[in-house]
Amino acid sequence: MAHPLLISLANINAHLHSKSSAHAYLLLTLLPITKFTHKTTCIHSLLQDQLMHQAPNIILSPLKTAASVGVMMSNPKGNLHYCFTPLAAWIADMPEEGLLAGTAMKVSPVTTATSKEFGNPYQHPPCTAVTMLTAICSACSQYSLTDYKNFLRAMRQFQLNGVIEPCWNSWPLSDPSIFLTPKVLHHFHWMFWDHDVKWCIDVTGATELDFHFSIIQTLVGYQAFSEGISRLKQVTGHDHHAVQHYIIATVAGSIPCKFLTAIHALLDFHYLAQVLSFTTRSLEKVTSSLQEFHDHKEAIMSERIQVDWQILKLELLQSVVPSIQQSGAVMQWSADITEHAHIEEIKVPAHAGNNQNYNNQIVCHLDQLDKCLHFDLATYIQQHADQHGTDNENPSDSDTKEEYEADGEGYLSMYSTLTCRIPNYFSISASLLLGKVPSAPKPYHTFATPTTSFHLSTKPSFWLTIDEASVTYQLPDLKHALATFFVNGDMSFQVLQCAITKLQIWCKLCVQQLSYHNKTLLSPQMLRAILPSMAHPHGQYDSIITSVHPKSDWPGDGLAGHSISQLHLIFCLMCSDLFLAYVQHFNIMPQSNPSNVNPVTSMHLLRQAVWNNGQQVGEVIPLTLIHSPAHLVPNFG
């Protein structure tokens with residue numbers, strides 16, 4: 001077997017970098033895994049570490065030269081540019097970061113901190129090329145390189161792993177503290193699972209916390225934990241992400257306030273550090289969140305579940321803000337693609353062979369795969385050029401095709417890897433309104449507001465009369481809510497009721513939103529209003545955020561001018577083109593601050609709105625007043 005070393009350009013858009021189908025990373029070399037005959041295990045590690053630097057040293061020498069004196073390169077159009085190739089980032093997991101930096105175990109690869117200093121609430125001096133090379137020279141002057149044991153002992157005194165020629169040596173502007181950037185998977189998600197979750201389980205109790213997670217009704221697309229989280233094995237980053245959504249709400253009331261504040265602050269840090277773009281103010285929020293954790297971390301120690309703070313991941317968090325200031329947003333250095341590359345470049349070719357002459361077989365396999373990849377790309381580009389010429393001759397067809405090939409993604413993800421494209425309901429709604437699809441049935445089942453688009457299936461789930469729907473969905477005030485809606489709209493419900501034979505009812509509704517940070521298109525979210533069944537005795541009714549009036553600004557105004565409701569019925573009158581929803585509202589319980597959020601959890605506490613007779617407050621609203629799904633968790637306090 002071998003380790004794949006990939007290379008890419010840092011100026012490629014991070015959105016494309018995150019797609020394996022875009023092939024933004026190319027295989028540069030396969031680093032060997034060698035067995036040594038020396039009898040001592042620590043000497044094996046020393047020689048392996050040195051070999052893992054010597055091999056890249058040879059491969060990367062042209063890039064070092066180009067970074068020093070520059071080199072002429074041509075772009076895809078054939079224009080020449082005078083280019084330099086500095087080392088922008090090296091994406092690796094945490095053990096590999098120590099190997100690359102040349103540091104020993106229990107030493108930070110990006111600062112001078114040792115294990116006893118990992119819990120300090122400040123950043124230690126950065127690990128620079130000058131300090132590392134000076135320490136290596138000092139250790140090498142004490143013993144001969146062939147005196148392995150004494151040489152290794154001398155290197156350990158300087159907190160080094162034994163590498164004498166780092167592969168980044170003589171690469172201009174290359175410091176481990178700069179090119180070893182934070183990774184969301186390793187530094188955030190893994191730390192959360194290895195430490196935050198463990199602390200919460202120890203204090204709350206595994207049985208109690210599992211019960212809390214098991215009764216949460218999650219939205220479609222979000223991981224549900226019907227058996228809890230304490231016994232999960234082989235947890236993925238997706239699972240980490242899902243647990244982080246609910247961990248604060250599930251432990252609130254079961255752990256001390258200062259303990260909860262520390263966990264909350266650390267989660268805030270992880271969330272804020274994943275923003276795609278930063279300002280001075282946003283970086284200050286990231287820094288203050290980490291400082292808040294350090295201010296309250298003694299509450300974790302007081303529960304006797306953490307003996308010391310010798311946690312390397314915790315120390316690395318101090319370098320997140322400096323890394324953002326020097327190298328940009330953390331999200332662009334995702335390790336997801338490089339982690340997956342080990343499967344594509346190593347495991348898949350290995351399974352294709354017969355375990356004989358591995359090196360020759362894997363090189364042959366990768367060479368043939370690369371040729372097929374280039375052939376597919378070349379033929380597609382030619383096909384696209386021919387099609388473009390045809391479109392110029394028939395301009396009437398180009399508008400229709402442009403709708404489904406936005407942002408040029410069609411020709412970036414077509415080869416080697418199948419990808420699922422996100423439907424753009426905003427674009428489809430605009431096309432329907434402009435009459436570009438004259439055959440579409442009316443009323444249109446795809447429509448949009450400036451912030452949210454909606455999509456319903458062409459055929460409803462079933463038809464019911466108002467009385468039947470009231471009984472089936474257990475909504476005794478449905479007829480009254482409909483009457484109130486039409487009276488407020490200056491329409492006579494008595495006259496309209498005579499014309500209504502049945503309601504068209506849907507069980508599911510797709511809503512699509514734009515990202516809050518950069519207004520990019522998000523994946524559609526399914527909302528459910530499903531009747532009780534054997535699997536779900538109480539039904540599945542998702543919670544939503546709705547506007548109190550059509551002119552409210554979401555998400556700019558937050559919850560001001562909005563209501564949190566539970567979706568119970570999605571329907572349309574047979575004689576109308578207006579899609580409606582019956583919802584039951586929640587009241588936000590007042591807190592001790594103007595924002596009405598709990599000062600510890602930063603969450604709103606809700607209670608079902610009821611009339612004086614105890615009946616829940618229901619209302620019929622247009623679907624266009626729905627803005628977003630809402631995550632509700634039972635109050636376990």
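This is a predicted model: local features need pLDDT of at least 70, side-chain atom pairs count only at pLDDT 80 or more; totals for chains, interfaces and linings use all residues.

Biologist: How many helices and strands does the protein have, and what makes a run count as one?

Modeller: There are 22 helices and 17 strands. The C-alpha atoms fill a box of roughly 100 × 75 × 50 Å along the principal axes.

Biologist: Why is Lys-313 called buried?

Modeller: Buried means under 20% relative accessible area, exposed means over 50%, and partly exposed lies in between (1.4 Å probe, protein chains only). Lys-313 has a relative accessible area of 14%, so Lys-313 is buried. Lys-313 sits in helix H14, residues 312-316. Leaving out residues up to four places away in sequence, Lys-313 touches Met-94, His-186, Trp-190, Met-191 and Asp-194; contact here means heavy atoms within 4.5 Å.

Biologist: And what makes Leu-47 count as buried?

Modeller: The relative accessibility of Leu-47 is 16%, so Leu-47 counts as buried too. Leu-47 belongs to helix H2 and touches Phe-36 and Tyr-148, again not counting residues up to four places away in sequence. Across the protein, 43% of the 637 residues count as buried.

Biologist: Why are H2 and H6 called roughly perpendicular?

Modeller: Axes are lines fitted to C-alpha atoms, for helices over the stretch in contact, and angles run from 0 to 180 degrees between N-to-C directions. Angles under 35 degrees count as roughly parallel, over 145 as roughly antiparallel, 65 to 115 as roughly perpendicular and the rest as oblique. H2 (residues 41-59) and H6 (residues 148-157) pack at about 70 degrees, with axes 10 Å apart, and therefore they are roughly perpendicular. Among the residues making the contact are Leu-46 and Leu-47 of H2 and Tyr-148 and Phe-151 of H6.

Biologist: How do you know that H12 and H15 are roughly antiparallel?

Modeller: Their axes cross at roughly 160 degrees and come within 10 Å, so H12 and H15 are roughly antiparallel. In this contact, Leu-283, Val-286 and Thr-287 of H12 meet Val-321, Ile-324 and Gln-325 of H15.

Biologist: What makes these contact residues nonpolar, polar or charged?

Modeller: Ala, Val, Leu, Ile, Met, Phe, Trp, Tyr, Cys and Pro count as nonpolar, Asp, Glu, Lys and Arg as charged, and the others, Gly among them, as polar. The contact of H12 with H15 has four nonpolar, two polar and no charged residues.

Biologist: Last one: what makes a group of residues a nonpolar core?

Modeller: A nonpolar core is a set of buried Ala, Val, Leu, Ile, Met, Phe, Trp, Tyr and Cys residues joined through side-chain atoms within 4.5 Å. The largest one here has 47 residues, and Trp-199 and Phe-213 are among those with the most contacts inside it. Helices giving two or more residues to this core include H8 (184-204), H12 (280-296) and H15 (320-327). H8 gives the largest share, nine residues.

Technical notes
Residues are numbered from 1 along each chain as its sequence is written. Side-chain values use heavy atoms; hydrogens and water are left out. Helices (H or I, at least four residues) and strands (E, at least two) are DSSP runs, numbered from the N terminus.
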